[in-house]
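Thanks for coming. I will keep this short and go through the model one region at a time.

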Amino acid sequence: MALVSIALVVAAATTAIAYFVDWLPEQASEERRGMDLVFWVTVGICIFVFSIVASVSIYSGIKFRVRPDDDSDGPPIHGHTGIEILWTAVPTTLVTIIAVLSAIVLAQNDRTKGDVLRVDVRAQQFAWEFSYPAQGNIKSAFLYLPVGRSTKLYMRSEHIDKTPDVIHSFWVPEFGQKQDVVPGEVTTLVITPTRVGEYRVICMELCGLGHALMRSRAIVLSEQDFAAWVRKQRQAAGGPPGEQGKTLFTSNGCNSCHTLTAAGATGKVGPNLDKLDEESIPGGKSLDEYVRESIQNPSAYRRPGYSAQMPRFNLSKDQVDALVTFIVESAKKN
Amino acid sequence: MSTTETTQAQVHVEHGAAPPPRHWALRGGLARAVWMTPLFFLIGMGIVVGLRALAGWHPYLDWEVVIVVGGLTVAPIGFLAGVGTFDYWTRYALGFPTRPEDHSSHGAYSWKDYFRVNTDHKVIGIQYVTTTIFFFLAGGLMAMLVRAELARPETDFYDTQTYNQLFSVHASLMIFLFVIPAFAGLANFVVPLMLGAPDMAFPRLNALSYWLLPIAGTMMLVSFFFPGFGAGWTNYAPLSVAQPFGNVFFSMAVQWAGASSIMTALNFLVTIITMRAPGMTFWRMPLLVWANFTTSLLVVIATPFIAGSQFFVMFDKVMHTNFFNVTEHGYVLGYQHIFWFYSHPAVYIMMLPGFGIASEVISTFSRKPIFGYRLMALSLMAILVLGFSVWAHHMFVSGMAPYLRVPMMVTTLLIAVPTGIKVFSWLATLWEGRIHFGAPMLWALGFVSMFVIGGLSGIMLGAVPIDIHVSDTYFIVAHIHYVLLGGSLFTIFAGIYYWFPKMTGRMYNEPLAKLHFWLTLVAFNATFFPMHIIGVQGMPRRVATYEDRFGDWNLFISISSFVLGASFMIFVYNMIVSWRSGPPAPANPWRGMTIEWLVSSPPPVFNFDAVPQVVGNPYEYGVPGARHAILNGDRAAVTELEPVR
């Protein structure tokens, strides 16, 4: 009786921890719905097992404790076949339940439904680039998705010039889907967003010094807003240089390593571009030349305190012009 | 003195002439190592420079190659030769007279004997345990430095490379230089005694395996001064290949530590199979022996795989091979498959000896036979077999072939069944026992409860959809610390406190040991339980900066971790003071039945005057008149036997 009461108290306490602590982040995809189901079923089974173990330990510790000078021995019980079969069979049943449920959810989460939106993901140290082949191959530093439509990500770890990078891992906690991005392979991931909003894209595989800052955003829009966004992006490709430079700055991931207020960038891996000024430039070059050369040949100049790890970017001359204009003008405003 | 004793003693009379005394700098020992290590480094350097000059490769003096060949490969051999691990074999190979029954390097008569090559399994056991505790404190200090950085969300103290090296070296030291060899050390001391054997099967090999450890540990510590081991202890390619040069220190340290593990495991296997006392059938072996038998099988089968994986990384780095270079048809996921084919069984290498210790302690302190002895032994074998079929559960999100996920999930979840059997059997052993809460028992019960939490979070991770959500988050960090700290470390402490009287001949301070336990238990849970929460919520591991919303939890975790670190100072103080001046220990302070308790504390140099006769099962508490073994004919309970010094 006492044993059962202890077990119930433990079960109540652990259930309270499971219930009142804010465990899972907001649910924003169909795949997360399946994950959450497996999560809570497994948590329930864990609470059941833990309550048994904890209550038997606590009860035995109190009930069977003896004084240090008690030299007697316990009853010589060597085992009990029935009980041993029971505690082999019950856990086997419980893990079978978890395995079957998990396998079903896994199969569902790999499946796409209806009209699938394809997004190509390119990961490199330390930036994400998302492109939309069916939408005129527009590129974006943020992942824009329409709500309620299956999206399949095709992910590669490579630089713009197709040279391989290291392993990264794509995760949006609210989507509950994670997949490593592996050099030499194309990995895929299915996401069906269920909620409009803005979520974090996090790189989950240690990928070098800027790993902690390799972040982006997943922005889920309504179908109409998504269509509008696509339209705007296709026009922006030929927009004014300042606007184009700003887009290039984020779409190439400059923002993940450099700070530049005008682009809303707060990266700390590389030098702060807000603090660019003419005096600090060696060899009497103009700011414009200095920035251009630094983009085209990242190891041309080394700032003290920073290691040479900026990759080369495969940009057209027009794109470099737009980027240089944007960076120099933004820096001069500070 | 009975006749058997005399015969036994005669065996150990030294044969042959003693070699002429040599100058102290030429005798095997640390003094000779001091000059032989640099000498061998120069030899290695000469080989590199010579070969490069012959081949006409510029520069002739390439320091990176010199460090790999001279510093990390040849100089350690010089160190081993210097301390004298090869002396006997060298003399034998060169045709000099050898003395097969030379026991001059057996036993420890002063503290200096712990700093030379010793072939006594009891001395080696103590050498192992003290060395591993040194590296445990070093690794723990790094954990404190990591937590200091993580106390606040922004970067506070170190540059990112230093931070990455801190957590990488922390994990490597704890795994390769603490948990694995600490268990090997305890088993080294205890297993031959439990078997009724005078020593391990290969005492000189045993000494060699110990002396490989300081080499491996030094390499991992020194890697700080050669930046590059900052890719996590998993050292995933291609990031590890792209790391600065110092990454080779990890690659080579793993080779030395791995060689040590393999040699020890072979030694245990041969000892357990061939050196059991008369009457010691497999079904009469204590569960600690069973545990080390299965662990040793895991070690000899699995360890070559991590050696291979790290060689591949080093070859890609130094020799510009293309194992993991995609542009030259390398296969990135191949690294992970090979790595985890070792590193998952390694989890059981770090767990099964602890299961053995827990079985010994729980049975003795509950004064009851272990419940379901045979199923306990069989479940160890089941874990051994299943343990080789689950490695890819570390790779559910890695991009490996998707069809591998479900079978790997099934085997992973099934391994919970034999593990569950062990937990339930320990609980059933407690049931109706006469429980004494000595310090070893507290640690053993602490282990059971903490390990259950780690095991249950392991089941969650086994379910693929949950794993996809939480892999590489702090949930993983919480899980492995519940398993390796709440599991392995707690049993290591249980074992150290349990056999401390046997090892040193002195009792430790019981109140301090209990204070150590309670402080560690509370601080441990305060440190690691909240990591489950922030992990599920989305905090990635291996980062120095994180989102502000995790700031409060992390500050709490960091403060708790400092308390956790401080709790080990109590342990160190207790061990040092008790070893120097604790009260003398009786032969059998816990009223245990296994053979090590039948000899004095500390045991005689050759363990037994006469070969023990095993007559029953090892845990016959409460069975009237039952005995596990008889020593010296009819003088069975000669607990007051004098050491043969």
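I start with B:Ala358. Setting aside residues up to four places away in sequence, B:Ala358 touches B:Trp426, B:Ala444, B:Phe447, B:Val448, B:Thr491 and B:Ala494. Please keep in mind that this is a predicted model.

Where does B:Ala358 belong? The largest nonpolar core has 291 residues, and B:Ala358 is among the members that touch the most others, along with B:Ala216, B:Ala253, B:Trp443, B:Ala444, B:Ala494 and B:Tyr497. Two of the names from the contact list, B:Ala444 and B:Ala494, come back here. As for which element gives the most to this core, the answer is helix H6 of chain B, residues 160-195, with 23 residues.

Helix H19, residues 510-537, and H20 of chain B have axes that come within 8 Å and cross at roughly 155 degrees. Angles over 145 degrees count as roughly antiparallel, and H19(B) and H20(B) are therefore roughly antiparallel to each other. The crossing of H19(B) past H20(B) is left-handed. By class, the residues of this contact are 18 nonpolar and seven polar, with no charged ones.

Helix H5, residues 121-150 of chain B, also packs on H20, which spans residues 551-581 of chain B; their axes come within 9 Å and cross at roughly 160 degrees. That angle is the reason H5(B) and H20(B) are described as roughly antiparallel. H5(B) passes H20(B) in a left-handed crossing as well. On the H5(B) side, the residues are B:Gly140, B:Ala143, B:Met144, B:Arg147, B:Ala148 and B:Leu150. H20(B) contributes B:Asn554, B:Ile557, B:Ser558, B:Ser561, B:Phe562, B:Gly565 and B:Phe568.

Now the contact between the chains. How many residues does each chain give? Chain A gives 69 residues and chain B gives 73. On the chain A side, the elements giving two or more residues are helix H2 (30-63), helix H3 (81-109) and strand E7 (177-181). H2(A) has the largest share of that side, at 14 residues. In terms of class, the chain A side has 39 nonpolar, 21 polar and nine charged residues.

One residue of chain A to look at is A:Pro173, in the loop between strand E6 (168-172) and E7. Is A:Pro173 buried or exposed? A:Pro173 counts as buried, because 26 C-beta neighbours lie inside 10 Å. Apart from neighbours within four places in sequence, A:Pro173 is in contact with A:Pro25, A:Arg200 and, from the other chain, B:Gly538.

Last, some backbone details. Most residues other than glycine have a negative phi, and most peptide bonds are trans. Two cis bonds should be noted here. B:His58 and B:Pro59 are joined by a cis peptide bond with omega at about -10 degrees, and B:Pro59 sits in the loop between H2 (30-55) and H3 (63-83) of chain B. A cis peptide bond also joins B:Ser601 and B:Pro602, with omega again about -10 degrees; B:Pro602 is in the loop between H20 and strand E1 (613-614) of chain B.

That loop between H20 and E1 of chain B also holds B:Arg591, a non-glycine residue with a positive phi of about 55 degrees. B:Arg591 is partly exposed, with 15 other C-beta atoms within 10 Å. B:Arg367 likewise has a positive phi of about 55 degrees without being a glycine. B:Arg367 lies in the loop between H12 (352-366) and H13 (373-387) of chain B, and B:Arg367 is buried, with 25 other C-beta atoms within 10 Å.

How values were computed. Residues numbered from 1 in each chain as written. Chains lettered and ligands numbered in written order. Predicted model: local features only at pLDDT ≥ 70, side-chain atom pairs only at ≥ 80, totals over all residues. Contact = placed C-beta atoms within 7 Å. Helix = DSSP H or I, 4+ residues; strand = E, 2+ residues; numbered from the N terminus. Nonpolar A, V, L, I, M, F, W, Y, C, P; charged D, E, K, R; others polar. Axes fitted to C-alpha atoms, helices over the stretch in contact; angles between N-to-C directions. Parallel < 35°, antiparallel > 145°, perpendicular 65-115°, else oblique. Left-handed = near helix turned anticlockwise from the far one by under 90°. Core = buried A, V, L, I, M, F, W, Y, C linked by C-beta atoms within 7 Å. Buried ≥ 20, exposed ≤ 12 C-beta atoms within 10 Å, placed from the backbone.
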